[in-house]
Amino acid sequence: MSGLRRHYTDAHTYLPDQASVAWIRTTDFDDLVRALGGDPAWVHPATWADVESAAWELADDEDRAVVLAARHGPWTVLLDAMCGRLTGLVKRLSASGEALALQWTVNYVATVAYARDGQVIGSFDPADLDTINPAAGRAWLSGLPVTQEEWRQGWQPAALALGEELSGVRLDQAWLAREHLCVPLGSAPPQVRPPSGFRVRDWLRPTLEGDPRLRAIAADPAPERQHEIIQLAIELARQAWPMSGDLERQALQAIADRVRDDRSAGTRARIDAAAADIRARIDATAAEIERQVSEERGPVQVPVVPDIDLMMRLSADPDMERLHRELRPLEILAQALDPDLNAAATQTSGLLTGKWIPPEASPVQAVLQQLAWYVATGEVDDE
């Protein structure tokens, strides 16, 4: 087994932090799906990224779940983001053949279980082989092509190598990236769609993959997802601006209700009027500062272009700073209420820039902007 184990020494770098995997030999895939608690009619193509994202969305749903299934001749390999499900099902899954399952937690607590013809042969903690149950399974365990020393050196590579020894299937990064099958489980089929084609720049991948809401939008970029993008953009905006006035609260409620009607149009009109008043005060303040600079400078023969001194004075003026801080949240809310949903999403996310946005929000803003553009156009903006 040492040769096979060598292929899995880095498995922890590409497999989930917690999961369960099972290798099942069976003559009937549809029966296997039913044994899991699913309906063969619901099975559809999907990648592990699709299934894992859906699994975490359903983590609190007691009635529904999803697992990945990959068919390889008489063998089916299952991968489940919930670490304990498959080891507890080996007896049922082996009814017409055999099943080996491995589960592990984020704390690296693991269980290996094996069953044949509907009977559990042995279940044990691979870090402590004396835990095997039933005790009669010791003979099976000692006859495996995995030595006690190999279990001790690394139970995950040992168990994965044993699965490959049985099935002939190598669970490497290429296998994980390929399209297999999604098996919805429970009372109703979750809607998990094939890969959308959305992608982000390399530096933004951890942000996308680390946020379940962003992953869900990327996996299913339907037009109605723009409402979610707008809501996420507003959440980021509120990290920089309190948005606590009556008019702002009305806008936030309309955004939360996902409405584009006369009420939201009226709120947007009042916001636009308030923003126009602030812009007028900004223009007046800027004109006064420009007058002061001109008086201090005195007559000049040639206009200063660009006027660096004036630009610095405008930037440093506390009244200008205050007015711009009042204006930006109104601009964001007005844009978020644009009756054109695509314009609302793409341009609202685009407004979340500048010195007031916390630095940690910048990657999220970049992903949101690319998602909004992708939902609106179907094009990837990753330049």
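Predicted model: local features only at pLDDT ≥ 70, side-chain atom pairs only at ≥ 80, totals over all residues.
Visitor: In what order do the strands of the open sheet come?
Guide: The order is S2-S9-S3-S4-S1-S5-S6-S7-S8, nine strands in an open sheet with antiparallel pairing.

Visitor: And which strands stand at the edges?
Guide: Strand S2 (44-46) and strand S8 (128-133) do; each has a single partner strand, so one side of each lacks a neighbour in the sheet. From one strand to the next, the twist averages 25 degrees.

Visitor: How many bridges join S6 and S7?
Guide: Strand S6 (residues 110-116) and strand S7 (residues 119-125) pair over five bridges in the antiparallel sense. Tyr114 has Gly122 in S7 as its bridge partner.

Visitor: Which strands does helix H3 touch?
Guide: Helix H3 (residues 48-57) packs on the sheet and touches S2, S3, S4 and S9. The direction of H3 makes about 160 degrees with that of S3.

Visitor: Turning to helix pairs, at what angle do H11 and H15 pack?
Guide: Helix H11 (residues 225-240) and helix H15 (residues 318-336) pack at about 170 degrees, and their axes are 11 Å apart. The two helices are therefore roughly antiparallel to each other.

Visitor: Which residues meet there?
Guide: Ile230, Ile234, Ala237 and Ala240 in H11 meet Arg325, Ile332, Leu333 and Ala336 in H15. By class, that contact has seven nonpolar, no polar and one charged residues.

Visitor: What about H16: which of its residues are buried?
Guide: In helix H16 (residues 341-350), the buried residues include Ala343, Thr346 and Ser349. The buried residues of H16 pack against H11, H15 and helix H17 (362-377).

How values were computed:
Residues numbered from 1 in each chain as written. Heavy atoms only, no water. Axes fitted to C-alpha atoms, helices over the stretch in contact; angles between N-to-C directions. Helix = DSSP H or I, 4+ residues; strand = E, 2+ residues; numbered from the N terminus. Parallel < 35°, antiparallel > 145°, perpendicular 65-115°, else oblique. Contact = heavy atoms within 4.5 Å. Nonpolar A, V, L, I, M, F, W, Y, C, P; charged D, E, K, R; others polar. Buried < 20%, exposed > 50% of the residue type's maximum accessible area, 1.4 Å probe, protein only. Pairing = 2+ DSSP bridges.
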